[in-house]
Amino acid sequence: MKSGELKPGDKLPSTSELCTQYGVSTQVIRSVMLTLRAEGLVEGHQGRGVYVRDRSAAE
């Protein structure tokens, strides 16, 4: 997100895709997602996925 590779509104890969991509467990991905949500960087939409937040709209 900081590098600009992911832009506001972009959907993040699924948990299983991230586990495979980074070679980590589901628990690690869930922990990271909780941190990103707590920092206001992403928002989850039930049944649709997790998306990068537009932080400028919230300011």
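1. Starting with overall size: with 59 residues, a compact globule would have a radius of gyration near 10 Å, and the 12 Å of this protein agrees with that. The radius is taken over C-alpha atoms, and the globule rule is 2.2 Å times the number of residues to the power 0.38. Along its principal axes, the C-alpha trace spans about 35 × 25 × 20 Å.

2. A word on provenance. This is a predicted model, where local features need pLDDT of at least 70, side-chain atom pairs count only at pLDDT 80 or more, and totals for chains, interfaces and linings use all residues. Residues are numbered from 1 along each chain as its sequence is written, and side-chain values use heavy atoms, with hydrogens and water left out.

3. On the fold, you'll find 3 helices and 2 strands, in the order α-α-β-β-α along the sequence. Helices (H or I, at least four residues) and strands (E, at least two) are DSSP runs, numbered from the N terminus.

4. Now the hairpin. Strands β1 (residues 42–45) and β2 (residues 49–52) run antiparallel and are joined by 4 bridges; two strands pair if DSSP finds at least two bridges between them. Val42 has Val52 as its bridge partner, while His45 stands opposite Gly49. There are 3 residues between the strands, and Gly47 in the turn has a positive phi of about 80°.

5. The whole structure has 1 salt bridge, between the side chains of Arg53 and Glu43 at 4.0 Å, N to O. It links distant parts of the chain, 10 residues apart: Arg53 sits in the loop between β2 and α3 (55–58), Glu43 in strand β1. The criterion is a side-chain nitrogen of Lys or Arg within 4 Å of a carboxyl oxygen of Asp or Glu. Arg53 is partly exposed at 26% relative accessible area, and Glu43 is partly exposed at 35%.

6. Burial and surface next. Buried residues make up 20% of the 59, where buried means under 20% relative accessible area, exposed over 50%, and partly exposed in between (1.4 Å probe, protein chains only). The accessible surface comes to about 4500 Å², 50% of it belonging to carbon and sulfur atoms; areas come from the Shrake-Rupley method with a 1.4 Å probe.

7. Worth a look is the nonpolar surface patch of about 330 Å² made by Tyr22, Val24, Val28 and Val32. Patch residues have over 30% relative accessible area and no salt bridge, with nonpolar side chains joined within 5 Å. Val32 lies in helix α2 (residues 26–38) and is partly exposed at 42% relative accessibility.

Note on methods: Patch = residues over 30% accessible without salt bridge, like charges linked within 9 Å, V, L, I, M, F, W, Y side chains within 5 Å.
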